[in-house]
Amino acid sequence: MQIEKHRAQSIKIPKDEVLRYLGYGKNTAEGRSGVLIDECIRAVTAVLDCRACYAEFDIAKKDGNLIDLGFTAVHSEALTKNLDGCDKIVLFTATIGMETDRLIQKYSQVLPSRAVVFQAVGAAAIEEYCDFLSCEIAEKYALRDLYPRPRFSPGYGDFPISCQKNIFDVLDCTRKIGVMLTDGMLMMPSKSVSAIIGFSKERTSCAESDCSGCGKTDCAFRRI
């Protein structure tokens with residue numbers, strides 16, 4: 001089991017991702033909107049508390065789309081496809097802390113438009129942190145000649161969200177990094193992510209996270 005804490009300076013929140021979450025697409029924000037987004041990015045950057053815990057497991061495919069992940073077994077065609085050729089996974093949970101949630105809650109009461117921007121900034125920040133963490137893990141595994149697949153989270157495609165319970169049990173996320181799981185399988189702080197990264201001896205053309213494994217093709221935030 002590994003526990004990581006990263007300095008806020010390691011995470012640069014990409015403004016283009018914030019704009020995507022706000023529905024701008026490839027357009028830019030100008031004038032007061034642009035200034036507001038910049039202010040919110042600075043405010044979230046100032047309170048980032050980036051923490052993660054992760055562990056390695058051996059995996060084995062069973063019959064059909066039943067895959068043994070080492071800590072639990074699940075039926076998932078999408079995850080089985082993602083992990084094809086992999087013998088190991090890294091399971092992680094990451095968070096940027098509670099302060100972003102507090103900013104969202106504060107402004108939801110007094111200035112909802114700013115709260116919406118904080119939501120988008122928080123979403124971009126946790127994804128950026130997951131990218132940073134994934135690259136850091138991949139660098140360690142490259143020393144063992146193991147190469148990553150795109151990270152895959154419960155709720156993507158047909159990978160059941162109920163698997164969050166197993167993840168929290170095995171990683172002990174609440175005690176290790178202060179992330180709690182509600183009865184509805186939501187994480188608190190809300191800007192937290194659990195995911196699996198498969199590793200194999202085979203190099204693949206793309207190991208970046210994308211939306212290819214998710215069946216929700218009508219999502220407004222879909223990248224592809």
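**Labels and the values behind them**

Me: Where is Ala-94 placed, and why is this residue called buried?

Reply: Ala-94 has its place in strand S6, which covers residues 88–95, in what is a predicted model. Its relative accessible area is 0%, and buried means under 20%, so Ala-94 is classed as buried.

Me: Which residues are in contact with Ala-94, beyond its neighbours within four places in sequence?

Reply: Ala-94 is in contact with Arg-51 and Ala-52, with Ile-126, Tyr-129, Cys-130 and Leu-133, and with Lys-191, Ser-192 and Val-193.

Me: What makes Glu-56 partly exposed?

Reply: The relative accessibility of Glu-56 is 32%, while buried requires a value under 20% and exposed a value over 50%; Glu-56 therefore counts as partly exposed. This residue is found in strand S2, residues 50–58, and, leaving aside neighbours within four places in sequence, its contacts are Lys-88, Ile-89, Tyr-141 and Arg-144. Between Glu-56 and Gly-198, which are 142 residues apart in sequence, the C-alpha to C-alpha separation is 9.7 Å.

Me: Why are H4 and H5 called roughly antiparallel?

Reply: Helix H4, residues 99–110, packs with H5 at an angle of about 160°, their axes being 7 Å apart. Angles over 145 degrees count as roughly antiparallel, so the label applies to H4 and H5. The residues that make the contact are Thr-100, Leu-103, Ile-104, Tyr-107, Ser-108 and Val-110 on the H4 side, and Pro-112, Arg-114, Ala-115, Phe-118, Gln-119 and Gly-122 on the H5 side. In handedness, the crossing of H4 with H5 is left-handed.

Me: What makes H2 oblique to H4?

Reply: The axes of helix H2, residues 31–47, and H4 cross at roughly 140° and come within 9 Å. Roughly antiparallel would need an angle over 145, and roughly perpendicular covers 65 to 115, so H2 is oblique to H4. On the H2 side, Ala-43, Val-44 and Val-47 meet Glu-99, Thr-100 and Leu-103 of H4.

Me: Why are the buried residues of H6 said to line one face of the helix?

Reply: In H6, residues 163–171, the buried residues are Cys-163, Gln-164, Ile-167, Phe-168 and Leu-171. Seen down the axis of H6, these residues fall within an arc of 140°, so they line one face. H6 is followed by Asp-172, whose phi is positive, near 55°.

Me: What is noted about the backbone at Asp-145, and why does this residue count as partly exposed?

Reply: Asp-145 has a positive phi of about 60° although it is not a glycine, and it lies in the loop between helix H5, residues 112–142, and strand S7, residues 147–148. Its relative accessibility is 44%, whereas exposed means over 50% and buried under 20%, so Asp-145 counts as partly exposed.

Me: Which residues does the cis peptide bond join?

Reply: The cis bond joins Met-188 and Pro-189, with omega about 5°; Pro-189 is found in the loop between strand S9 (187–188) and strand S10 (192–200).

Me: How confident is the predictor over the protein chain, and where does pLDDT stay under 50?

Reply: The protein chain averages a pLDDT of 89, and 90% of the residues score at least 70. Over residues 212–222, however, pLDDT stays under 50, and the model has 16 contacts for them beyond four places in sequence. Where pLDDT is low, predicted coordinates should not be read in detail.

Technical notes: Residues numbered from 1 in each chain as written. Predicted model: local features only at pLDDT ≥ 70, side-chain atom pairs only at ≥ 80, totals over all residues. Heavy atoms only, no water. Buried < 20%, exposed > 50% of the residue type's maximum accessible area, 1.4 Å probe, protein only. Helix = DSSP H or I, 4+ residues; strand = E, 2+ residues; numbered from the N terminus. Arc of directions from axis to C-beta. pLDDT = per-residue confidence, 0-100. Contact = heavy atoms within 4.5 Å. Axes fitted to C-alpha atoms, helices over the stretch in contact; angles between N-to-C directions. Parallel < 35°, antiparallel > 145°, perpendicular 65-115°, else oblique. Left-handed = near helix turned anticlockwise from the far one by under 90°.
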